[in-house]
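Hi everyone, thanks for making time. I'd like to walk you through some salt bridges today, so let's bring the model up on the screen.

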Amino acid sequence: MNRQNDAREGHEVFQWFLPAAERGDPYAQFNLGLLYKHGDAVERDDVRALEWMQRAARQGLATAQNHLGAMYCNGRGGPRSDELAALWFGRAAAQGDPAAQQNLGQLFRKGRGVPQSHELAFGWFYRAAEQGLASSQNLLGECYLQGLGAPVSHPLAMAWFRKAARQGHGQAQLSLALMYRRGDGVEADDAQAVCWFREAAAGGITVAQRFLGLAYANGQGVPKDPARAIAWLERAAGQDDAEAHYGLGTLLAAGHGSGGDERALECFLRAAARGHVQAQYCAGVMYATGRGTRPDPSRALDYYLQAAEQGAANAQFSLGVMYAKGEGVPRDEARAAEWYRRAAQQGDASAQNNLGVLYANGQGVPHDDTLASYWYRQAAEQGHALAQYNLGGMVNSGRGVERDPLRAYMWMVLAASGGQDGRPGSEEERRARSSVARRLGANGGPWARALATRVRAARRVSPPRQAS
């Protein structure tokens with residue numbers, strides 16, 4: 001019954017506008033064009049909508065001119081014409097129509113129908129923003145943030161984002177949150193960032209939902225709350241946000257939420273399919289270790305390879321291990337060395353140590369004690385206990401480096417104590433430290449321990465040297 005009433009009322013509206021439009025009333029012509037454009041009360045007809053908009057626009061009605069420009073811009077009712085769009089946007093903008101001013105600014109920004117000019121785009125955005133149009137205020141904030149048409153100014157960017165955000169503009173709320181998170185123009189403030197992430201997230205901005213979920217996951221600006229983190233990440237993941245899928249998978253794999261490893265793997269696979277590098281690596285780990293699925297070395301290799309080819313050092317190292325051990329592929333020490341080298345050049349300490357081992361033993365690469373010592377040192381200076389043990393042996397025997405028993409002893413002490421950063425290390429490293437500790441005896445060497453202490457202090461001041 002309501003539908004019948006709506007249809008009857010719509011038809012009555014159409015019948016009221018039609019004679020007035022035919023008599024030349026521009027407002028009736030505009031409204032008739034809108035009815036045809038949106039399919040209200042009449043069947044949608046873009047051609048007729050364009051005709052009525054043209055009639056109203058030619059009589060100088062700014063709103064009709066803006067709508068006509070939009071139809072030309074989008075190719076509705078006739079061929080697309082950026083030049084005609086610019087013409088009609090310009091006429092409406094000159095009359096002060098804020099929507100037309102913004103639309104004209106967008107054409108200047110993109111160079112559509114007019115020569116590209118960020119300065120002119122900025123000017124039109126400014127006119128519309130001054131009239132309170134939230135979307136233009138957001139665009140003006142972007143101009144100040146990125147230096148488009150005006151010098152970079154974080155305070156002005158934040159001021160305009162805030163004006164738009166207070167009107168409920170989701171993208172401006174997100175931009176404001178990110179400025180607080182990064183500390184652009186203000187002191188970094190995670191609590192303020194979360195406040196604006198929450199506003200944007202509630203408005204359905206997917207990226208804000210993801211950032212809010214990660215804030216709850218990491219305790220950034222709010223107390224840690226895995227349940228809320230999962231809830232917000234699920235909302236973002238529902239919009240197929242790859243980062244949200246990855247974050248959700250990480251939480252699930254850590255034992256939070258429901259679904260366990262099986263659901264975590266599903267999340268990693270969805271993000272991996274979108275090209276997310278660390279999700280590809282995590283999917284490889286899950287298949288390699290049989291978490292959430294049966295062990296499948298060939299699929300692990302495939303996902304490691306996807307991540308490694310995008311430059312992920314952890315995936316490159318894992319590929320090196322698989323080729324070195326022949327897991328899922330024929331054993332190939334030369335290819336192991338190549339993947340170790342790629343990861344080592346990015347500063348991966350475990351890869352640097354393993355590459356050193358290959359050079360020391362001539363496995364997959366020519367035997368070269370100098371390169372072995374070099375790579376051991378890169379890892380040792382990052383606190384890798386097994387590399388410290390290996391380097392100590394090289395220094396003690398003078399292989400690839402000048403023999404120096406005191407410095408050798410220092411590296412042994414560092415290895416025995418768990419590396420310069422005191423991290424637990426791998427099982428292999430722990431066994432090596434126990435062996436070294438037994439060799440050093442209960443008291444160790446006081447001079448070597450003093451030297452090791454100085455090295456630790458120096459490393460805390462200076463970052464570890466990376467392989468180039």
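Let's start with Arg210, which at 14% relative accessibility counts as buried; buried here means under 20% relative accessible area, exposed means over 50%, and partly exposed is in between, with a 1.4 Å probe and protein chains only. What does the side chain of Arg210 meet in a salt bridge? Its partner is Asp241, at 3.0 Å from N to O. Asp241 lies in the loop between helix H13 (226-237) and helix H14 (242-253), while Arg210 sits in helix H12 (residues 206-218), so this pair ties together parts that are 31 residues apart in sequence. Asp241 is buried too, at 11% relative accessibility. Helices are DSSP runs of H or I with at least four residues, numbered from the N terminus.

A quick word on the ground rules. This is a predicted model, where local features need pLDDT of at least 70 and side-chain atom pairs count only at pLDDT 80 or more, while totals for chains, interfaces and linings use all residues. Residues are numbered from 1 along each chain as its sequence is written, and side-chain values use heavy atoms, leaving out hydrogens and water.

For a salt bridge, we ask for a side-chain nitrogen of Lys or Arg within 4 Å of a carboxyl oxygen of Asp or Glu. That rule gives a count of 21 salt bridges.

Two further pairs, then. Arg80 and Asp82 meet at 3.3 Å, N to O; Arg80 is exposed at 52%, whereas Asp82 is buried at 13%. Arg294 and Asp296 meet at 3.9 Å, with Arg294 exposed at 59% and Asp296 buried at 13%.

Finally, have a look at Arg44, Asp46 and Arg76, which are linked in a network of salt bridges.

Notes
Helices (H or I, at least four residues) and strands (E, at least two) are DSSP runs, numbered from the N terminus.
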